[in-house]
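Take a first walk through this protein chain. Keep the sequence and the 3D view side by side.

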Amino acid sequence: MDTEVLIVGAGQAGLALSHHLRRRGVDHVLLERGAVGQRWRDRRQASLTLLTPNWMNLLPGSPPHAEPDGFLARDALIAYLEDYARDAPVLSGVDVQAVRPRRGGGFTVQADRGWWRARQVVLATGDCAVPLRPAVATAAPGGLMPLTADAYVSPEALPAGAILVVGAGPSGQQIALELARAGRDVTLAVGRHARGVRTWRGRDIWWWLEQTGDLHRPVGELRDARAAAASPSLPLSGRGPLDLGVLHAAGVRLAGRLTGFAGGAAQFDDGLPARAAEADRRLRRILAKLEAWRSADDVDAAALDADEPAPLALPPGPAELPLRRSGAAAIIWATGYRRADPPAPPGVPLLGAKFLRRRSSHLLGGVGRDAAELAAELAHPRRGATASL
């Protein structure tokens, strides 16, 4: 089977590229291991929403959402992707196993349902393919239900008892808060993390980040882009404010980084205060930059003191948590993800990866810009170089 461009993955990145290739008349096909938007189907949390408001959550050529200031829930997002993919040449249920260069140019693609030949292959499988667990997870005591964040459904789906959540990124904080509000005894192990605000000066934080231009500026133009790419993700929620102060007020027990297990207890370092203080300093540097950028006429005067992040006043975290004595029933590993691309040679471009071309390269509302540029390069391969492995 032959095609000009073969796209691995039919999520937001692959579909955005397909839109631009169709407009340019480039023959292509998308091979998807599951169904359209499979990565989102793999996330099982019933209350899951996007972290970005709907006015941002638009793929190229798509009409606006009905509620621009709302936040798409998981099932609504899957329905949106399915509708967007109606005219895309997607082959579902095809698992790509390897990509190999062909003598004379182009690539051969091995899949579980046959072989393909293509002038160019694009890996659009996304950054959040396989959940990561730290090495310490192998030493967790038996008798506890182990879950990764993508397998978490709801408080009711967990066994009765206390819950240890490991990781203070957006997923970890969201899950810990939901469990605490459901009356569960929750401990959150906090490593390096970020602090965010949902709104500032009366507007959603994403509005400010969009207005400054940094969100979509090419990575090469950003000062210290490498450090920015390594920064933890802002812990935001489409369901309201979210940070360690909110979790503490809701009854979540905050601990330092999980360092191991001994004698049936989870052990934590003493770095919680320092990490929380550093996350707060990073947030205030962001807000100071936004304050310097905006003019006094941009915002109503009544909003100037609104949404100012409160100082964090957290108690010292516990050194350990006796799991059996505390009635612990489950450990939820909210410790990030990695890519899972098929083996491929150099020269195969990526799409949808974090900080690939822009700060917004991995976002639903940002990948379209990268896709437009990549489509132009694929249509006229001598005119530009692609972002490759």
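Predicted model: local features only at pLDDT ≥ 70, side-chain atom pairs only at ≥ 80, totals over all residues.

Residues are numbered from 1 along each chain as its sequence is written, and side-chain values use heavy atoms, with hydrogens and water left out.

Start inside. In soluble globular proteins, nonpolar side chains tend to be buried together. Here the term nonpolar core stands for a set of buried Ala, Val, Leu, Ile, Met, Phe, Trp, Tyr and Cys residues joined through side-chain atoms within 4.5 Å. Buried means under 20% relative accessible area, exposed means over 50%, and partly exposed lies in between (1.4 Å probe, protein chains only). The largest nonpolar core has 29 residues, and Leu15, Leu17, Leu21, Leu59, Leu81 and Leu351 touch the most other members. At least two residues of this core come from each of strand E1 (2-8), helix H1 (12-23), helix H3 (74-84) and helix H9 (367-379). Helices (H or I, at least four residues) and strands (E, at least two) are DSSP runs, numbered from the N terminus. A second, separate core holds 25 residues, including Tyr152, Leu188, Leu254 and Ala334.

A contact here means heavy atoms within 4.5 Å. Setting aside residues up to four places away in sequence, leucine 351 touches a list of partners, among them Ala13, Leu17, Val122, Leu356 and Leu374. Phenylalanine 355 sits in the loop between strand E18 (337-338) and H9. Phenylalanine 355 counts as buried because its relative accessibility is 12%.

Its backbone deserves a look too. Most residues other than glycine have a negative phi, and most peptide bonds are trans. Phenylalanine 355 has a positive phi of about 55°, although it is not a glycine. Arginine 201 also has a positive phi of about 55° and is not a glycine. Arginine 201 lies in the loop between strand E11 (199-200) and strand E12 (203-204). With 10% relative accessibility, arginine 201 counts as buried.

Go back to strand E1, where threonine 3 has its place. Is threonine 3 buried or exposed? Its relative accessibility is 9%, so threonine 3 counts as buried. Beyond residues up to four places away in sequence, threonine 3 touches Asp27, His28, Val29, Trp116, Arg117, Ala118 and Arg119.

Next comes helix H3, which contains tyrosine 80. Tyrosine 80 is buried, with a relative accessible area of 12%. Which side chain makes a polar contact with the side chain of tyrosine 80? The partner is serine 62, at 2.8 Å. A polar contact is a pair of N or O atoms within 3.5 Å; within protein, one must be able to donate a hydrogen and the other to accept it, and residues adjacent in sequence count only if both atoms are side-chain atoms.

Threonine 52 is found in the loop between helix H2 (38-42) and H3. The side chains of threonine 52 and asparagine 57 are joined by a polar contact of 2.5 Å. Threonine 52 counts as buried at 9% relative accessibility.

Now turn to two arginines. Arginine 239 lies in the loop between helix H6 (225-230) and helix H7 (244-249). Arginine 239 counts as exposed because its relative accessibility is 56%. A polar atom of its side chain lies 2.8 Å from the backbone oxygen of serine 47. Arginine 284 lies in helix H8 (residues 272-293). At 31% relative accessibility, arginine 284 counts as partly exposed. Finish with a pocket. On a 1 Å grid over the protein atoms alone, a pocket is an open set of points where a 1.4 Å probe fits, with protein on both sides within 12 Å along at least five of seven lines; lining residues have an atom within 4 Å of a point. The second largest pocket is lined by 16 residues, and Gly196, Val197, Pro241, Asp243 and Val246 lie nearest its centre.
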